[in-house]
Amino acid sequence: MKGMLIKDIQLLSQQRRFFILLFLTAAFLAYTVGESFSLGYLTSLFFVLALGTISYDEFDNGFSFLMTLPMERRTYVREKYVFGILITAAGWIIGVIFSWVFAFVKGEAIDVSEGFYTILVCYIFLCFFALMIPFMLKFGTEKGKLMGLLLAGIVFVIGYLAISRWDTDKIIHSAASFYLGAGKFIVPAATAAVLYISYLFSAVIFDKKEF
């Protein structure tokens, strides 16, 4: 698995110009729109980069070559989850640093307690990651992304319609109270459970996949 991690990191390291543009855009957004927006922007872009490594592997029958290497198929799947978690978390950490730096530059108070809320962004994208991977491995990157986004959109619409019938402010207050209490332990545990279940599905799918 170490070799696969190095491969994916090397793939990302070849996109230096993209990262320079990414950080310049994040800096501009942090200064003009708001620090919290740049945090979500960086986390989402790193999440997309993690998914993009599967597209690189699939390109030009790349899977056929990779499966000739001395590793089990489940090792490949496991590496994708580990890499996705690391890269998405890295995007969130860099976003937090950006938000603190630009809050300091703009002379605003740095509210460290906001970290308890902003980390929810990381958990949300990790759940999206867990949702996308099985579809991408089953149907290919393009169809998999489309089906995963479609399912995520359906869940979002159902959630929005349900919430719109209730008092939004009350829901937000209740959710915040829950997260600052038992939610600090339940949310990461639930995210880990979602990732693990997703991994089990992905492992079975990839074991049966023919190249």
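This note goes through the aromatic rings of a predicted model.

1. Basis. Numbering starts from 1 along each chain as its sequence is written, and side-chain values use heavy atoms, without hydrogens or water. Because the model is predicted, local features need pLDDT of at least 70 and side-chain atom pairs count only at pLDDT 80 or more, while totals for chains, interfaces and linings use all residues.

2. Ring pairs overall. The whole structure holds 9 aromatic pairs (rings of Phe, Tyr and Trp, the last by its six-membered ring, with centres within 6.5 Å; planes under 30 degrees apart are stacked, over 60 edge-to-face, the rest tilted). One of them joins Phe-125 and Phe-128, a tilted pair at 6.4 Å centre to centre with 50 degrees between the planes.

3. Setting of that pair. Both Phe-125 and Phe-128 belong to helix H6 (residues 115–139), 3 residues apart, or about one turn of the helix (helices are DSSP runs of H or I, at least four residues, numbered from the N terminus). Phe-125 is buried at 17% relative accessible area, whereas Phe-128 is partly exposed at 32% (buried is under 20%, exposed over 50%, partly exposed in between; 1.4 Å probe, protein chains only).

4. Phe-135 and Phe-139 are stacked, 6.3 Å centre to centre and 20 degrees between the planes. They sit 4 residues apart in helix H6, about one turn. Phe-139 is partly exposed, at 37% relative accessible area.

5. Cluster. Tyr-81, Phe-129, Tyr-196 and Tyr-199 are linked by ring pairs into a cluster.

6. Charge over a ring. Arg-73 lies over the face of Phe-206, 6.0 Å from the ring centre (the criterion is NZ of Lys or CZ of Arg within 6 Å of the ring centre and within 35 degrees of the ring normal).

Technical notes. Helices (H or I, at least four residues) and strands (E, at least two) are DSSP runs, numbered from the N terminus.
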